[in-house]
Amino acid sequence: MKSLLDNQKSFAQYDSLGVNKSLSNLAQQFESAWHDSQFVNLNFGPEKIENIVVAGMGGSNLAAHIAQSLSPFLLKIPFEIIANYRLPSFVNKKTLVILVSYSGNTEETLSCAQDVKQRQSPAVVITTGGKLKDFAIKEHLPLLLLDEKLNHSRVPRFGLGLMLGGLLGLLVRLNPESFRHIDTKDIERTIERCLDSQKLEIASTINPAKSLALKNKGQSVIIFSANHLNGVAKTASNFLNETSKTFSTWFSLPDLNHHLMEGFTFPTSLKDNTRFILLDSSLYPEIIQKRLKLTKEILLKQKYQLTVIKPESVDIISQVFESLVFLVMFSYYLSIVNKQDPGTNPWVDLFKKQLI
């Protein structure tokens with residue numbers, strides 16, 4: 001099995017859309033969208049905004065989940081994610097709605113766009129084109145067009161760097177004080193450093209993302225996280241679902257300690273086909289670190305397989321990007337180990353065809 005990830009022909013065989021080229025551009029994606037976000041003409045007063053809603057689906061809302069877990073450092077107002085056809089009833093003229101659809105043709109997001117128009121809410125559009133771009137132009141909404149050339153695969157989730165750079169860039173403009181928490185050059189260096197240690201050319205014996213993928217062939221993955229890493233866990237579970245064709249979900253501490261602990265008993269076969277990934281951090285509050293340690297001990301007592309991932313970075317933003325890049329690369333390598341195409345989604349595509 002190890003030869004599969006150390007043989008360049010394996011990637012050519014299964015990666016039909018050139019996903020790895022997109023992943024290698026994550027830092028450039030971030031820089032490009034961040035830069036462009038600083039020049040979007042906002043036609044509303046940020047000081048009048050009382051809350052923010054991001055409307056987006058699937059791969060288009062992952063950046064919002066990461067931003068939400070960082071919102072204590074970035075924002076002073078409530079931040080919510082809507083993955084549905086309608087905006088909540090509280091959305092009004094003082095709510096900023098950020099409409100995000102990578103393709104610009106996501107039907108749920110286009111439906112939310114009509115709510116924006118009806119309620120006369122201030123809005124910003126993030127997309128590469130499609131009907132949402134046309135809507136933004138027609139309604140004279142601020143428009144952030146993502147540079148899709150940096151996403152070779154054209155698959156939305158592999159434009160994650162674009163969506164992160166764009167969304168975070170817009171959010172800090174709403175709260176200029178938060179600029180002190182964001183060093184874009186440091187983020188780009190963190191992304192590049194992590195990619196360099198996990199790139200295709202590095203053998204599986206010394207490539208941690210490859211090594212974990214080899215251990216996880218055919219297994220489901222359950223991720224535990226807390227605080228600033230919750231968005232990373234959510235994103236990783238989506239990537240594992242779509243990219244690796246692997247069942248994955250995530251739970252957050254401390255909430256999971258109040259219910260999930262009793263769910264480890266049945267089915268007994270869970271121990272044979274599931275690995276837990278625990279996202280640890282030296283920056284978690286002491287009580288969360290204690291909870292994570294005890295959770296790990298209980299999993300081991302019940303003879304579950306687990307891996308603890310603890311970023312080396314010393315600040316919150318860098319930890320987020322370090323963990324994110326590692327888990328995205330893990331999902332990519334796991335797709336190859338599982339002999340699946342990381343860029344195609346046959347079941348999702350079939351569903352969408354039958355929905356029409």
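This is a predicted model: local features need pLDDT of at least 70, side-chain atom pairs count only at pLDDT 80 or more; totals for chains, interfaces and linings use all residues.
Colleague: How many helices and strands does the secondary structure come to?
Modeller: Both kinds of element are present in the protein. The count is 15 helices and nine strands.

Colleague: What radius of gyration does the protein have, and what would a compact globule have?
Modeller: The chain has 356 residues, so a compact globule would have a radius of gyration near 21 Å. The C-alpha atoms fill a box of roughly 55 × 45 × 40 Å along the principal axes. The protein agrees with the globule value, at 20 Å.

Colleague: What share of the contacts with a separation of 6 or more joins residues 24 or more positions apart?
Modeller: Buried residues make up 56% of the protein. Among contacts with a separation of 6 or more, the share from residues 24 or more positions apart is 80%.

Colleague: How far apart are the centres of the positive and negative side chains?
Modeller: There are 39 positive and 33 negative side chains. The centres of the two sets are separated by 4 Å.

Colleague: Is Ser 331 buried or exposed?
Modeller: Ser 331 sits in helix 14, residues 316–337. Its relative accessible area is 1%. Buried means under 20%, so Ser 331 is buried.

Colleague: Which backbone oxygen does the side chain of Ser 331 reach?
Modeller: Leaving out residues up to four places away in sequence, Ser 331 touches Phe 239, Leu 240, Thr 243 and Ser 244. The side chain of Ser 331 also comes to 2.7 Å from a backbone oxygen. That oxygen belongs to Val 328.

Key: Residues are numbered from 1 along each chain as its sequence is written. Side-chain values use heavy atoms; hydrogens and water are left out. Helices (H or I, at least four residues) and strands (E, at least two) are DSSP runs, numbered from the N terminus. The radius of gyration is taken over C-alpha atoms; the globule rule is 2.2 Å times the number of residues to the power 0.38. Buried means under 20% relative accessible area, exposed over 50%, partly exposed in between (1.4 Å probe, protein chains only). Contact means heavy atoms within 4.5 Å. Lys and Arg count as positive and Asp and Glu as negative; His and the chain ends are not counted. The place of a charge is taken as NZ of Lys, CZ of Arg, CG of Asp or CD of Glu. A polar contact is a pair of N or O atoms within 3.5 Å; within protein, one must be able to donate a hydrogen and the other to accept it, and residues adjacent in sequence count only if both atoms are side-chain atoms.
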